[in-house]
2 protein chains.
Amino acid sequence: MRKIAAMEDFFSDEHRRQIEETAKKVGFTVDFYPRDTLTPGRETEYEVFYGFPPMDLLKKAENLKWYCCSFAGVDRFLSDDIYPHPDVMLTNSSGAYGITISEHIIMVTLMLLRGMPEFTESVRHRRWHDPIPMRSICGSTITVLGAGDIGTHFARRAKAMGAKLIRGVRRTAKAGDPCYDEMYTFDRLDEILPKTEILVMALPSTPDTVGILSRERIALLPKEAIVVNVGRGTAIDQEALIEALNNERIAGAALDVMVPEPLPEDHPLWDAKNLLITPHISGNMSLGITRDLDVAMFCEDLENYAAGRPLKRLVNRKIGY
Amino acid sequence: MRKIAAMEDFFSDEHRRQIEETAKKVGFTVDFYPRDTLTPGRETEYEVFYGFPPMDLLKKAENLKWYCCSFAGVDRFLSDDIYPHPDVMLTNSSGAYGITISEHIIMVTLMLLRGMPEFTESVRHRRWHDPIPMRSICGSTITVLGAGDIGTHFARRAKAMGAKLIRGVRRTAKAGDPCYDEMYTFDRLDEILPKTEILVMALPSTPDTVGILSRERIALLPKEAIVVNVGRGTAIDQEALIEALNNERIAGAALDVMVPEPLPEDHPLWDAKNLLITPHISGNMSLGITRDLDVAMFCEDLENYAAGRPLKRLVNRKIGY
């Protein structure tokens with residue numbers, strides 16, 4: 001019998017049932033393990049991994065053909081060296097996080113535009129606070145750097161909230177979702193940064209994206225710009241960002257991802273002005289919809305896999321997503 | 001010459017120009033004063049007030065025919081006693097606040113659903129925080145109590161973000177905006193509260209709405225419910241709300257309005273569990289769009305007034321909006 005190891009903590013009984021039924025239909029059985037767990041010695045029994053396997057046993061799983069990662073950012077799983085052989089196919093769960101991460105982006109964007117950090121501090125001291133200047137998503141000019149599933153979910157919501165102009169920026173010149181007013185490729189980023197009020201970064205970590213928001217590019221942003229990053233911390237020159245915030249060269253930033261994570265207690269990011277830090281929780285799996293989508297997407301690709309069809313979320317390990 | 005006194009602090013040069021041009025076109029001149037200011041003795045010169053007049057001079061403005069209030073909540077301006085004669089027409093600026101207040105509602109709703117108060121507290125101590133359970137506007141069941149301009153702006157955005165079911169509740173049985181899945185009148189509120197995950201209150205203060213979210217009705221809400229109030233603090237039995245929050249009978253609340261304002265330092269609201277307080281800033285005039293709309297609506301009604309047409313935002317002082 002062909003076998004699947006599913007290694008995740010978030011599965012409900014309904015999720016297990018759904019995975020088992022799909023597996024049965026296409027001739028597989030499933031063993032469930034907690035996240036990052038597998039009985040040593042049994043790794044060679046499996047043709048398919050789903051979830052998050054222990055890295056040492058991933059390397060030894062010599063019969064593995066397909067690893068379906070339960071999250072979207074697979075930068076840790078790109079190198080051939082971590083697999084028993086280079087032909088193992090990697091898929092990710094890109095598509096499961098659009099809802100939760102776009103809600104995070106909307107929330108932190110509004111918090112920055114509406115002065116919430118200042119109000120929160122005042123409320124903490126039981127002090128009433130006078131109104132302070134506020135801005136709106138309505139009428140704003142937005143650049144979405146990384147116009148994939150997450151960026152596009154945000155762009156659709158921002159459009160519905162009345163954004164004036166939304167520009168998408170991606171690696172390749174493909175037509176964008178209709179919610180984008182204009183689409184650009186990475187090489188034209190310098191043209192649009194000076195016209196950006198809200199810069200949303202939702203990029204995977206790849207050779208193309210590491211350091212993409214460089215010191216020089218931060219300098220191109222207008223004084224009223226805010227920067228929101230939900231992709232990977234490596235995309236930003238953090239030192240330059242901290243300087244820009246502390247000198248009020250830009251209006252604010254919200255980082256859900258940074259380098260390193262967790263952030264050490266003495267890191268200068270904690271003290272940067274108008275910076276909203278969240279501990280990499282924008283896409284966390286505690287949201288039911290995300291879990292449901294994650295499982296549904298695995299089941300969909302399991303049927304593709306069994307039928308010999310292309311996997312829908314196959315990662316090109318050379319380009320990184 | 002017929003005269004207008006415009007008493008507000010937020011006017012830009014462009015706003016003044018716009019008001020003056022409209023006035024000129026319909027045979028009026030305009031005197032500009034700061035908010036809550038008017039030269040004593042000159043109050044009798046004016047046929048129209050726009051903005052926020054000193055209450056004592058409002059009473060003495062014996063030639064006043066129309067007062068256009070620059071905000072939406074006119075509970076302070078309902079009584080005949082404050083006017084020189086009962087025929088003074090009152091209009092409000094309902095319609096100028098939908099954008100800014102709906103963005104506030106989206107923001108605080110997401111903050112409550114996504115555990116932001118807990119993350120904020122952790123970040124303040126420079127501590128990385130593990131993921132905590134989160135919920136989403138997507139798939140949620142929402143009741144909008146007060147389905148006017150503000151409530152409807154919110155409902156449209158919530159719909160675009162994937163809310164499953166949005167119920168509007170209003171005083172009279174009128175057809176609602178298409179963003180509402182169902183419309184109810186106040187007398188059927190008890191039916192829908194038990195099925196409400198997100199209760200948004202955007203009500204004017206009127207005899208119908210004072211205390212509408214009573215102790216008995218708070219008890220009807222399910223454990224996972226959150227309550228967001230942006231209308232008037234009088235709509236809620238605050239003592240019962242504090243108890244429900246502290247006993248975790250409901251999941252959270254966000255109050256931008258409360259009784260009294262400003263909230264005294266020793267008030268128990270400051271300490272209520274899972275309560276997000278903001279100091280009545282959801283609709284503040286610092287947002288450019290709100291100011292622009294406020295002025296545009298006054299100019300529109302000034303043309304109506306001069307032509308003898310009905311005023312578009314005339315308040316029925318008996319029902320309170």
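**Figure 1. The salt bridge between A:Arg17 and A:Glu14 in helix H1 of chain A**. In this predicted model, A:Arg17 counts as partly exposed because its relative accessibility is 36%. The closest N and O atoms of the two residues are 2.7 Å apart. Both residues belong to helix H1 (residues 13–25) of chain A, where a separation of 3 residues corresponds to about one turn of the helix.

**Figure 2. The salt bridge between B:Arg126 and A:Asp271**. B:Arg126 is located in the loop between H4 and S6 of chain B, and A:Asp271 in the loop between strand S11 (252–255) and strand S12 (275–277) of chain A, so the pair joins two chains. The closest N and O atoms are 2.4 Å apart. B:Arg126 is partly exposed, its relative accessible area being 24%, whereas A:Asp271 is exposed at 52%. Across the interface of chain A and chain B, 2 salt bridges are found.

**Figure 3. The salt bridge between B:Glu248 and B:Lys273**. The closest N and O atoms of this pair lie 3.2 Å apart. The two residues connect distant parts of the chain, 25 residues apart: B:Glu248 is in the loop between helix H8 (238–246) and strand S11 (252–255) of chain B, and B:Lys273 is in the loop between S11 and strand S12 (275–277) of chain B. With a relative accessibility of 38%, B:Glu248 counts as partly exposed. B:Lys273 is also partly exposed, at 37%.

**Figure 4. A network of salt bridges in chain A**. The linked residues are A:Lys3, A:Asp31, A:Arg42 and A:Glu45. Over all chains, the count of salt bridges comes to 46.

**Figure 5. The surroundings of B:Trp128**. B:Trp128 is placed in the loop between helix H4 (116–124) and strand S6 (141–145) of chain B. Beyond its neighbours within four places in sequence, B:Trp128 is in contact with A:Met258, A:Glu261, A:Pro262, A:Leu263, A:Trp270, A:Thr278, A:Pro279 and A:His280 of chain A, and with B:Ser122 of chain B. At 26% relative accessibility, B:Trp128 counts as partly exposed.

**Figure 6. A:His153 in helix H5 of chain A**. A:His153 counts as buried because its relative accessibility is 15%, below the 20% cut-off. Apart from residues up to four places away in sequence, A:His153 touches A:Gly98, A:Ile99 and A:Ser102.

**Figure 7. The interface of chain A and chain B**. The contact draws on 49 residues from chain A and 49 residues from chain B. Together the chains bury about 4,500 Å², of which 69% is on carbon and sulfur atoms. Across the interface, 14 residue pairs are in polar contact, both residues at pLDDT 80 or more. On the side of chain A that touches chain B, helix H3 (98–113), helix H4 (116–124) and helix H5 (149–160) each supply at least two residues. The largest share of that side, 8 residues, comes from H3(A). Its residues divide into 26 nonpolar, 11 polar and 12 charged.

**Figure 8. The rotation axis relating chain A and chain B**. Among the residues of chain A, A:Met107 comes closest to the rotation axis, its C-alpha at 2.5 Å. The same surface serves both copies, as 100% of the contact residues of chain A recur in chain B.

Note on methods
Residues numbered from 1 in each chain as written. Chains lettered and ligands numbered in written order. Predicted model: local features only at pLDDT ≥ 70, side-chain atom pairs only at ≥ 80, totals over all residues. Heavy atoms only, no water. Contact = heavy atoms within 4.5 Å. Buried area = accessible area lost by both parts, 1.4 Å probe. Salt bridge = Lys/Arg side-chain N within 4 Å of Asp/Glu carboxyl O. Polar contact = N/O pair within 3.5 Å; in protein donor to acceptor, adjacent residues only side chain to side chain. Helix = DSSP H or I, 4+ residues; strand = E, 2+ residues; numbered from the N terminus. Nonpolar A, V, L, I, M, F, W, Y, C, P; charged D, E, K, R; others polar. Least-squares fit on C-alpha atoms with pLDDT ≥ 70 in both. Buried < 20%, exposed > 50% of the residue type's maximum accessible area, 1.4 Å probe, protein only.
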